[in-house]
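Please consider the structure shown here. The paragraphs below it lead through the model step by step.

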Amino acid sequence: MFPLKDHNPTLRTPVVTIALIAINLLVFGYELLLGDALGSFVAAYGAVPYEITHFADLVGSAYGPFDHSPGPPIIQLTLVTSMFMHGSVMHIIGNMLYLWIFGNNVEDLLGRGRFLFFYLVCGIVAGLAHILVNPTSTIPTVGASGAVAGVLGAYMVAYPRARVLTAVFILFFIRLVEMPAAILLVFWFVMQSFQGFLSLGVRELSGGVAWFAHVGGFIAGVAGVRLLAAGALRAQRARRPGWPGSSD
């Protein structure tokens, strides 16, 4: 199942969501221009679990003005810089589509400042979840997937009944179906968790999907939106008949 759009209008222009998408696209465009230097760039700015867990610098002054040589404080910043990098065209298209569909409403709910804080924290928690499962991996992790997963978790809590136009793949056929966001996003989370647990114990030989970053980011999003928007969520439920805890 792959979401295409939701039917959930916003009250304000999602400035932060648009800015995040623009930054990700600009960074990816820069990556495409690097040519042979791309590997050094990824090694320097991607989040390498071994470096973070061992407070070590495997690369040294690998790329440009962002010098790793000062040591651990700089290395830890890769948990943030890695969020704005992507490994392929499909990687960034998928992440940015999810961010656009679901991020605008979560930004509308939280407000711009809190949404940016929420997004970055979810991305950091997602990175730490991946590192917890792969503490000795020397493969750089890149992508906005963990932060976007936090947005999905928040959307599921805030707008479970919002209708989402979804492409459902059945063998060689594609069917467009409108379904409640809760069904789509719970299915997404279960699939990420399932794939993550299948990957446990498998020796990491090359780059792949950081499944537990998705799981950790989603859980952070569910918890984070309840903390940051508790009052708004209560008011929203009170206005909508049939919601748990509503006044109707």
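The account covers confidence, then the sheet, and then a residue in a helix.

This is a predicted model, in which local features need pLDDT of at least 70 and side-chain atom pairs count only at pLDDT 80 or more, while totals for chains, interfaces and linings use all residues. Residues are numbered from 1 along each chain as its sequence is written, and side-chain values use heavy atoms, with hydrogens and water left out.

The predictor's confidence in each residue is given by pLDDT, from 0 to 100. For the protein chain it averages 85, and 85% of the residues score at least 70. Over residues 61-70, pLDDT stays under 50, and it also stays under 50 over residues 242-248. Where pLDDT is low, the predicted coordinates should not be read in detail.

Strands (E, at least two residues) and helices (H or I, at least four) are DSSP runs, numbered from the N terminus. Three strands form an open antiparallel sheet in the order β1-β2-β3. Its edge strands, β1 (2-7) and β3 (173-180), each pair on one side only; two strands pair if DSSP finds at least two bridges between them. Between β1 and β2 (residues 163-170) there are five bridges, and Asp6 stands opposite Val164 in β2. Helix α9 packs on the sheet, touching β1, β2 and β3, where contact means heavy atoms within 4.5 Å.

Gln192 lies in helix α9 (residues 181-199). Why does Gln192 count as buried? Its relative accessible area is 9%, and buried means under 20%, exposed over 50%, partly exposed in between (1.4 Å probe, protein chains only). Not counting residues up to four places away in sequence, Gln192 touches Trp211, His214 and Val215.

Notes:
Axes fitted to C-alpha atoms, helices over the stretch in contact; angles between N-to-C directions.
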